[in-house]
Amino acid sequence: LSTWSAVPAGPPDPILGVTEAFKADKDPRKINLGVGAYRDDNGKPYILGSVKKAEEILAASKPDKEYLPITGLPEFTKRAALLAYGADSAPLTQGAVAVTQSISGTGALRIGGAFLARHYPHSKIIYLPVPSWGNHTPIFRDSGLEVRGYRYFDKKTVGLDFEGLKADLQAAPEQSIVLLHACAHNPTGVDPTQEQWAQISDIVKERKLFPFFDMAYQGFASGSTTRDAFAVRHFVTQGHQIALAQSFAKNMGLYGERVGAFSLVTADPAEKARVDSQLKIVIRPMYSNPPLHGALIANTILGDTALYSQWEGEVKGMADRIISMREKLYGLLTHDLKTPGEWGHIKSQIGMFSFTGLGPEQTKRLAEKAHVYMTADGRISMAGLNAGNIEYFAQSVDAAVK
Ligand SMILES: Cc1[nH+]cc(COP(=O)(O)O)c(/C=N/[C@@H](CC(=O)O)C(=O)O)c1O
């Protein structure tokens with residue numbers, strides 16, 4: 001009997017499995033709107049000019065291939081924290097923010113889950129928005145936390161269920177952990193307004209909840225890295241000791257380089273030092289130390305004013321192209337095709353994704369009949385649309401809902 005005879009076949013990943021199905025499809029009209037990865041107007045992956053420039057500068061400096069420290073490239077983690085918290089952040093200027101490099105956003109979330117499971121003394125419960133990024137549940141469950149949900153999306157309005165959100169956070173046991181998408185909520189594309197964020201901050205304070213921000217799209221949502229960091233910075237200004245997971249996969253296009261950071265706001269430099277030492281103890285047996293090249297690229301961009309502003313322009317360019325696809329798709333569905341249903345959410349939603357409202361039956365039919373691939377929950381990556389395929393996509397949706 002083989003050692004592995006009891007191993008069952010597991011289901012394909014709800015997001016990455018879509019790309020596998022797309023790749024297997026030979027129809028030339030096929031469109032992949034599954035994975036949240038930016039594509040330019042020719043449907044091609046996009047390496048930012050600032051990234052290419054940074055790599056040239058790096059190559060010229062002939063860097064070695066030595067191990068990074070357990071918590072990664074120190075200049076990079078300092079600059080990543082500055083990007084998120086801002087230059088006038090009190091804990092940052094006081095040297096009280098513990099930061100470690102991570103294996104992109106997923107790695108940051110996993111370090112956070114593991115650290116909280118081991119050191120957060122008040123609860124082992126984490127509340128995720130319903131729905132949330134598919135990988136959040138396995139990450140935190142495998143970290144040893146109990147995963148619960150708070151209402152977030154209102155199917156009727158295809159918008160935020162703010163009353164449900166407030167009620168669920170108010171009903172959560174005190175000091176529970178609550179995961180918050182800082183901007184560009186995945187999969188819904190629905191974000192709280194700044195006023196709503198202020199109310200959420202008050203409830204989190206009232207219930208002594210622990211806010212864990214996932215900021216995987218800073219700059220990519222509105223085109224402004226400052227605007228997209230509003231919730232994170234507001235919470236810190238309000239005195240919350242947040243945890244923060246950052247990803248540079250989307251906003252720097254460093255997907256496969258796996259560049260991210262995890263940070264915790266502590267009370268003071270001495271406490272930060274103790275937290276740093278425990279972060280190292282969590283990370284060392286996990287993967288010892290992080291990949292070098294991507295962090296060097298990100299650090300070069302964040303550390304050079306000219307490259308930094310070139311990068312900000314490029315992030316805005318990606319955000320703007322997605323917004324133009326939203327407007328174009330809305331126009332096709334409502335004016336050209338007069339597709340039945342309400343489509344305003346295609347425009348009002350923000351970031352990489354649009355939660356179309358299409359059901360599993362319709363998404364299945366779109367894949368089989370129209371060779372249009374999206375996740376079963378009807379989420380589409382707007383970045384997968386371009387001038388060459390958006391009309392075909394709109395016609396396919398029109399056929400699927402009629
Ligand atoms: C909210 C959120 N947080 C973290 C991540 C992790 O990204 P990383 O590449 O580890 O930095 C992703 C990736 N989301 C897209 C890709 C994926 O599922 O891995 C997606 O939703 O398609 C998120 O959408």
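Predicted model: local features only at pLDDT ≥ 70, side-chain atom pairs only at ≥ 80, totals over all residues.
Now turn to the ligand. The space that the ligand takes is the largest pocket. Around the ligand stand 18 residues. The closest are Ser 104, Thr 106, Asn 186, Asp 214 and Ser 247. By class, the shell holds eight nonpolar, six polar and four charged residues. Helix 5, residues 104-119, gives the most to this shell, with four residues.

Ser 104 has a side-chain N or O atom 2.5 Å from an oxygen atom of the ligand. Ser 247 places a polar side-chain atom 2.7 Å from a ligand oxygen. Gly 36 uses its backbone instead: an N or O atom there lies 2.7 Å from an oxygen atom of the ligand. On its own, the ligand has 520 Å² of accessible area, and the protein covers 92% of that.

Asn 186 leads on to the backbone. This residue is among the closest to the ligand. Its peptide bond to Pro 187 is cis, with omega near 15 degrees. Pro 187 is found in the loop that runs between strand 7 (177-181) and helix 8 (194-206). Another cis peptide bond joins Val 130 and Pro 131. Here omega is about 0 degrees. Pro 131 also has its place in a loop, between strand 3 (125-130) and helix 6 (136-142).

Positive phi values come next. Just after helix 10, Gly 239 takes a positive phi of about 90 degrees. Helix 10 itself covers residues 230-237. Its buried residues include Ala 231, Val 232, His 234, Phe 235 and Val 236.

Ser 288 is not a glycine, yet its phi is positive, near 70 degrees. The residue lies in the loop between helix 11 (269-287) and helix 12. Is Ser 288 buried or exposed? Its relative accessible area is 16%, and the limit for buried is under 20%, so Ser 288 is buried.

Lys 338 also has a positive phi without being a glycine, at about 50 degrees. Its loop runs between helix 13 (305-336) and helix 14 (344-348). Is Lys 338 buried or exposed? Relative accessibility is 60%, and exposed means over 50%, so Lys 338 counts as exposed.

One more stop is Phe 393, in helix 16, residues 390-401. Its relative accessible area is 1%, so Phe 393 is buried under the 20% limit. Along the chain, Phe 393 and Arg 29 are 364 residues apart.

Methods
Residues numbered from 1 in each chain as written. Heavy atoms only, no water. Near = heavy atom within 4 Å. Polar contact = N/O pair within 3.5 Å; in protein donor to acceptor, adjacent residues only side chain to side chain. Areas by Shrake-Rupley, 256 points an atom, 1.4 Å probe, with all protein chains shown as cover. 1 Å grid on protein atoms, 1.4 Å probe; cavity = no way out; pocket = protein on both sides within 12 Å on 5 of 7 lines; lining within 4 Å. Sits in = over half its atoms within 2 Å of the grid points. Helix = DSSP H or I, 4+ residues; strand = E, 2+ residues; numbered from the N terminus. Nonpolar A, V, L, I, M, F, W, Y, C, P; charged D, E, K, R; others polar. Buried < 20%, exposed > 50% of the residue type's maximum accessible area, 1.4 Å probe, protein only.
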